[in-house]
Number of protein chains: 2
Amino acid sequence: MRAEDTEKLKCLNFFRGVKENTFRRAIAPSFLQSFPAGTILLEENRPADFLYIVLDGLVEMSSSAAGDETVIEILGPVNLFILAAVLNNDICLQSARTLTPARILMIPANLIRELLSEDHDFMKAVVFELASAYRRTIKELKNQKLRSGTERLANWLLREERGQGGEGRLTIPYEKRILAAYLGMTAENLSRGFSALSAHGVQIKGLQVDIVDIGKLSDYARSSPLIDDGEPPLPRN
Amino acid sequence: MRAEDTEKLKCLNFFRGVKENTFRRAIAPSFLQSFPAGTILLEENRPADFLYIVLDGLVEMSSSAAGDETVIEILGPVNLFILAAVLNNDICLQSARTLTPARILMIPANLIRELLSEDHDFMKAVVFELASAYRRTIKELKNQKLRSGTERLANWLLREERGQGGEGRLTIPYEKRILAAYLGMTAENLSRGFSALSAHGVQIKGLQVDIVDIGKLSDYARSSPLIDDGEPPLPRN
DNA sequence: CGTGCGTTTGACTCTTGTCAACTGCGGTGG
DNA sequence: CCACCGCAGTTGACAAGAGTCAAACGCACG
């Protein structure tokens, strides 16, 4: 593991304020692996044997039922996943797949549970990590229940624009079909959504999106701190 | 506070295994209040000054944006709410309103945060409470994104039937308009959903629902442990 | 017995999903 | 070097699901 990686890890809420010893014990027996794009890291309905931390690349969390599939979340560095399943020693509710080449740290689940009991500060960090993950998910639920597909797209664009420097343009960091699944719509509808937003200050060319009139788009999107925002925007890949 | 109430509280995961002293310190300065039906306990976007625990009655957690309103969750005894906002010392993402007369324990938020640092076992209990709340919410998100309104209704009926004794019938514990909002549909569509389910073994008369052919309904509902279930069914009011 | 409100029903509209054909770009191989 | 292929994305026509509006129903309450 590189020094730069340990730096990254210590930026996580998850490791905020934990004892140096706990940190080292967590890292020591863990695997740092590089995966090509498209690798399935884990499948829903399987036991959670590791806690995963994304150091580089993008990971898609998805779920399927009755033939349909949806994307729950897309994680960039530095984020962790299936923490709740690890703590409950339960099965995963989501599948994970790399969207780009990715470097991922895998910490054995039972080690996490051990350290939890031993280091009070670590447990505290876990509490805050879980609490914010919970709030993020509640927001996403509201996003789905209270807005139309095109509205979700508009708000996603605004968030992404901010995360990519706030200069009025952004690059969609993965295939549009995946963005569509994440937003809870079909690829066809996403395409129509972009057409509809051209009347609200959005121009698109391939994966390149220009927000020519951010005020107009904001008016349409009606963002709310009770639904959007809340977490730091996804860093660029 | 009655002895029966302290018994109830100790059944919560939230208080599982905590020191007797912590428990008493949490209860001592807290308010146990009775509210009539329809009382607004808190509104979204307000700071979370108390942790709420439902001892009797039903509480609706809802949220609105741009004139639309949706129901996120409906809680019976013994459940707690806005734990995540209390821990993060942040604003509420949901409003809370009693659906029936209710008895509710209110614990000051700063007291919760204090006890968290002092009692390791209490923190552990909080971790598990948060982890399961998180998983519940992920399941609800999947429920919304992967199923149609009528499918959500079918699965809700199956869960509710189990929670009410598993004898093939159930009583809807609140107004249908509220059930509709919880399921993410309009009251009109809920009504049509019930009509549609009459072809799948469901008969309804007012708030009384008879599941005459549970096999048929299950076939239609296609329940999955990765979406449904997971938590104990809502106790009867 | 009348009133009020939640619910139901019907007709209609709008949104979203589905299916199929077409476009355009990138990569392969002749 | 260029033709061809594959596949993501787009577009159009259609179907299905869900929301809207208005009227009628029915149960509870005064």
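In which loop of chain A does A:V78 lie? In this predicted model, A:V78 is placed in the loop between β5 (68-75) and β6 (79-81) of chain A. The peptide bond that joins A:P77 to A:V78 is cis, with omega of about -10°. Chain B shows a cis peptide bond as well, between B:P77 and B:V78, again with omega of about -10°. B:V78 sits in the loop between β5 and β6 (79-81) of chain B.

Chain A contains 9 helices and 11 strands. Its C-alpha atoms occupy a box of roughly 55 × 40 × 30 Å along the principal axes. Of the 237 residues in chain A, 44% are buried. Among the contacts in chain A between residues at least 6 apart in sequence, 76% link residues at least 24 apart. The confidence of the prediction for chain A is given by a mean pLDDT of 94, with 97% of residues at 70 or more. Residues 233-237 of chain A have pLDDT below 50, and beyond near neighbours in sequence this stretch makes 14 contacts in the model. Where pLDDT is low, the predicted coordinates should not be read in detail.

The contact between the two protein chains takes 38 residues from chain B and 38 residues from chain A. On the chain B side, β4 (59-65), β5 (68-75), α3 (83-88) and α5 (120-146) each contribute at least two residues. The largest share of that side, 21 residues, is supplied by α5(B). By class, the side of chain B that touches chain A consists of 19 nonpolar, 10 polar and 9 charged residues.

The largest nonpolar core has 138 residues, and A:L130, B:Y52 and B:L130 touch the most other members. Leaving aside residues up to four places away in sequence, B:L130 touches A:V127, A:L130, A:A131 and A:Y134 of chain A, together with B:L83 and B:A84 of chain B. In soluble globular proteins, nonpolar side chains tend to be buried together.

The largest share comes from α8(A), with 5 residues. The surface near DNA strand D comprises 3 nonpolar, 8 polar and 5 charged residues.

With 4 residues, α8(B) gives the most. The surface near DNA strand C divides into 2 nonpolar, 7 polar and 5 charged residues.

Several single residues complete the description. A:R152 lies in helix α6 of chain A and counts as buried because 23 C-beta neighbours are found inside 10 Å. Not counting residues up to four places away in sequence, A:R152 touches A:N143, A:R147, A:L183 and A:G184. A:G184 is 32 residues from A:R152 along the chain, and their C-alpha atoms are separated by 8.7 Å.

A:M1 lies in the segment before α1 (3-11) of chain A and is partly exposed because it has 13 C-beta neighbours inside 10 Å. Apart from residues up to four places away in sequence, A:M1 touches A:T6, A:I27 and A:L32. A:M1 and A:A221, 220 residues apart in sequence, are 43 Å apart from C-alpha to C-alpha.

Positive phi angles occur at two residues described here. A:N45, which is not a glycine, has a phi of about 80°. A:N45 lies in the loop between β2 (40-42) and β3 (50-56) of chain A, and with 14 C-beta neighbours inside 10 Å it counts as partly exposed. B:A66, also not a glycine, has a phi of about 55°. B:A66 is located in the loop between β4 and β5 of chain B and is exposed, with 10 other C-beta atoms within 10 Å.

Technical notes
Residues are numbered from 1 along each chain as its sequence is written. Chains are lettered from A and ligands numbered from 1 in the order in which they are written. Ala, Val, Leu, Ile, Met, Phe, Trp, Tyr, Cys and Pro count as nonpolar, Asp, Glu, Lys and Arg as charged, and the others, Gly among them, as polar. pLDDT is the predictor's confidence in each residue, from 0 to 100. Two residues are in contact if their C-beta atoms, placed from the backbone, lie within 7 Å. A nonpolar core is a set of buried Ala, Val, Leu, Ile, Met, Phe, Trp, Tyr and Cys residues joined through C-beta atoms within 7 Å. A residue is buried if 20 or more other C-beta atoms lie within 10 Å of its own, exposed if 12 or fewer, and partly exposed in between; C-beta atoms are placed from the backbone.
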